[in-house]
Structure formats: C-alpha cells, structure tokens
Amino acid sequence: MSGNISLSQELISDLLKRIVEHDSAAQEDMMVNIQYLVAVAGYLTADYPGPVSERDELLQQLSAFMKHVCDDRADSEKPQAANAPTAAPDLPAGKSVATDDPAVGIWKPE
C-alpha cells in the first residue's frame with residue numbers, strides 16, 4: 001500500500017455529497033454511503049494487475065486498514081471523561097471471618 005494518506009473532513013464531506021447526488025437514499029441512511037464507498041474500493045481493486053491470490057491478499061490488507069482507521073476514529077471520539085480513571089465504589093466497612101469451608105466466609109460489619 002502507499003505511504004501516508006491524509007483524510008480531511010472536507011474530503012469526506014465532498015465524497016458523501018457526490019454519493020447523495022447520485023443516490024438520494026444516502027441522505028437519510030449512512031449505511032448507503034458506506035456501501036457505496038466499499039463498493040468503489042472493490043470495483044477499483046478488481047483491476048489489480050497481479051494474480052488473484054495477490055488481489056485477495058490486498059483485500060485482506062485493506063480490510064485490516066479499514067478496521068484500524070475505524071478503531072482510531074472511534075477512540076478519538078470518546079469523551080475524555082470516559083478515559084479518566086473512575087473512583088472505586090463505596091464498599092461497606094467490615095471483614096470476612098473464615099469458616100471451615102475455604103470457599104465460604106461470613107461478612108461481619110465493623
């Protein structure tokens with residue numbers, strides 16, 4: 001695959017705008033947009049000049065790349081508070097008293 005690519009909101013908006021111009025259903029359903037983008041990638045990959053086995057390997061690499069971009073974007077969209085450590089829940093004060101059965105204890109409040 002190529003070196004670095006640069007995604008921008010402008011590029012993405014332009015692509016989606018063109019898809020909506022072609023198919024108005026894409027205006028209401030993001031899945032239609034995604035299907036068009038994936039179909040275009042498949043269409044272009046069909047012209048890969050190597051053997052079928054190399055083309056199939058390329059499709060696997062592209063699928064992994066798509067997953068990486070998706071995960072990266074999803075992680076960047078999470079609110080920072082979600083990534084902050086959370087305080088431990090308040091636990092009742094007390095202790096467990098051992099019994100004859102090591103799998104069972106009795107909780108005694110303090």
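Predicted model: local features only at pLDDT ≥ 70, side-chain atom pairs only at ≥ 80, totals over all residues.
The backbone oxygen of Ala-26 lies 3.0 Å from a polar atom of the Asn-33 side chain.

Where does Asn-33 sit? Its place is in helix α2. Is Asn-33 buried or exposed? With a relative accessible area of 3%, Asn-33 falls under the 20% cut-off and is therefore buried. Setting aside residues up to four places away in sequence, Asn-33 touches Leu-16, Ile-19, Val-20 and Ala-26.

Let me turn to the helix itself. Val-32 and Thr-45 are buried in α2, as is Asn-33. The cover over the buried residues of α2 includes α1 and α3, the latter running over residues 52-77. At the N-terminal end, α2 is capped by Asp-29, with a side-chain oxygen 3.0 Å from the backbone nitrogen of Met-31. As for length, α2 has 16 residues, which at 1.5 Å a residue should span 22 Å; the C-alpha atoms at its ends are 23 Å apart, in agreement with that expectation.

Next, the packing of α1 and α2. The axes of α1, residues 9-22, and α2, residues 30-45, come within 10 Å and cross at roughly 100 degrees. An angle from 65 to 115 degrees counts as roughly perpendicular, so α1 is roughly perpendicular to α2. Which residues meet there? From α1 they are Leu-16, Ile-19, Val-20 and His-22; from α2, Met-30, Asn-33, Tyr-36 and Leu-37. By class, this contact has six nonpolar residues, two polar residues and no charged ones.

Conventions. Residues numbered from 1 in each chain as written. Heavy atoms only, no water. Axes fitted to C-alpha atoms, helices over the stretch in contact; angles between N-to-C directions. Helix = DSSP H or I, 4+ residues; strand = E, 2+ residues; numbered from the N terminus. Parallel < 35°, antiparallel > 145°, perpendicular 65-115°, else oblique. Contact = heavy atoms within 4.5 Å. Nonpolar A, V, L, I, M, F, W, Y, C, P; charged D, E, K, R; others polar. Expected span 1.5 Å × (residues − 1). Buried < 20%, exposed > 50% of the residue type's maximum accessible area, 1.4 Å probe, protein only. Polar contact = N/O pair within 3.5 Å; in protein donor to acceptor, adjacent residues only side chain to side chain.
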